[in-house]
Amino acid sequence: QEGAQKFAAKLGRARVFLVHSNGGQAKGPKDANEALQAGMNLPKMLQEAARVPHSAIMSFKELRDSVRREIFNRKQVAGIPFTFFPTYNALLKGHRKGELTVLSGSTGIGKTTFLSQMSLDLCRQGVPTLWGSFEIKNERLLNTMLSQFSNLTPAELEDVYDQTADRFEELPLHFLRFFGSTSVEQVLDAMDYAVYMLDVEHIIVDNLQFMTGSAAFGLDRFQVQDKAIELFRAFVTNKNVHLTLVIHPKKVGEDSNLSVADVFGSAKATQEADNIIILQRGNKCRFVDIKKNRFDGDLGTVPYRFNKKTRCFEEVSPEEVAMMDDNSFPLKRRSAY
């Protein structure tokens with residue numbers, strides 16, 4: 001049905017009909033060819049075809065198969081796995097369309113590097129991705145991504161640049177041309193094109209503050225940010241894509257970890273988000289802190305280190321963490337809310 005919705009959006013809802021090839025059963029042919037081979041009555045199936053329903057209205061009959069999958073095929077519903085951090089994947093249960101992820105962390109902790117590595121992981125698995133880097137120019141971002149992609153330093157890349165670039169070009173990866181302060185409307189227009197023409201499923205916006213830098217129409221900065229969050233949330237839901245949105249934290253002291261309340265702006269961003277991820281600093285070990293997981297509620301931390309050669313983050317094992325000083329991981333914790 002997801003594919004039918006895509007065709008309906010492109011061809012017009014009145015021109016698209018939905019044919020159920022499984023005959024209402026839990027298992028069955030996935031397409032017309034398998035239905036024909038199984039000896040099913042194709043003319044009857046076509047006669048029973050119905051128009052694609054309005055996207056804002058549904059009944060349990062339409063949700064029945066989806067609910068069945070949610071209950072009995074949990075791994076399939078979970079999403080595309082993150083392979084770069086096994087524990088991170090175990091907690092979040094993969095990457096899913098239709099979700100909004102908020103990523104935060106103090107300046108210089110590696111938010112862009114983390115997202116670069118994560119996006120490459122998903123692109124290698126066939127997830128079409130649109131990168132919006134408003135703080136770092138695309139050339140510099142790609143410098144990092146090529147090292148992560150090839151596991152080579154910039155100096156080592158020099159002799160094999162063209163071969164590496166040829167392989168990199170095969171990734172379903174696209175970049176916004178915007179840099180610096182940009183209106184939300186411009187970004188949404190480009191996102192809409194990318195979803196429609198390029199079938200993009202994952203969008204990264206780094207970061208939101210570049211779209212809310214100045215007050216507009218008499219609104220203060222928080223109101224501008226709330227409006228942007230509202231527009232992004234609606235886009236994610238209506239287009240069924242995953243949006244990863246970077247939001248810098250408020251100014252806080254250096255002696256404690258960031259909480260959900262430290263994400264800049266009002267509570268709207270954290271309320272609308274399906275996932276909230278914060279990169280934290282320990283005394284000796286940095287860690288990914290999963291503060292919100294709407295899919296199944298699992299929360300936790302993933303310690304990591306930075307590999308200067310490949311510019312990649314590497315998960316630190318529990319045994320390695322245990323060898324550190326007792327107070328090195330993590331710092332004193334504050335309430336999540």
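1. The side chain of Thr-129 has a polar atom 3.0 Å from the backbone oxygen of Val-127. A polar contact is a pair of N or O atoms within 3.5 Å; within protein, one must be able to donate a hydrogen and the other to accept it, and residues adjacent in sequence count only if both atoms are side-chain atoms. The model is predicted, so local features need pLDDT of at least 70 and side-chain atom pairs count only at pLDDT 80 or more, whereas totals for chains, interfaces and linings use all residues. Residues are numbered from 1 along each chain as its sequence is written, and side-chain values use heavy atoms, with hydrogens and water left out.

2. Thr-129 counts as buried because its relative accessibility is 0% (buried: under 20% relative accessible area; exposed: over 50%; partly exposed: in between; 1.4 Å probe, protein chains only). Not counting residues up to four places away in sequence, Thr-129 touches Ser-119, Cys-123, Pro-172, Leu-173, His-174, Val-200, His-202 and Ile-204 (contact: heavy atoms within 4.5 Å).

3. Thr-129 belongs to strand S4, residues 129–133 (helices, H or I, of at least four residues and strands, E, of at least two are DSSP runs numbered from the N terminus). In S5, the residue opposite Thr-129 is Leu-173. S4 and S5 run parallel and are joined by 3 bridges (two strands pair if DSSP finds at least two bridges between them).

4. The open sheet has 9 strands with mixed pairing, in the order S5-S4-S6-S7-S3-S8-S9-S10-S11. Strands S5 (173–175) and S11 (312–315) are the edges, each pairing on one side only.

5. The number of aromatic pairs is 13 (rings of Phe, Tyr and Trp, the last by its six-membered ring, pair if their centres lie within 6.5 Å; planes under 30 degrees apart count as stacked, over 60 as edge-to-face and the rest as tilted). Phe-134 and Phe-178 form a stacked pair, with 6.4 Å centre to centre and 10 degrees between the planes. These residues are 44 residues apart, with Phe-134 in the loop between S4 and helix H8 (138–150) and Phe-178 in the loop between S5 and helix H11 (184–198). Phe-134 is buried because its relative accessibility is 1%, whereas Phe-178 is partly exposed at 22%.

6. On confidence, the chain averages a pLDDT of 86, and 90% of the residues score at least 70 (pLDDT: the predictor's confidence in each residue, from 0 to 100). Among the elements of the chain, S5 has the highest mean pLDDT (98) and helix H5 (residues 74–78) the lowest (71).
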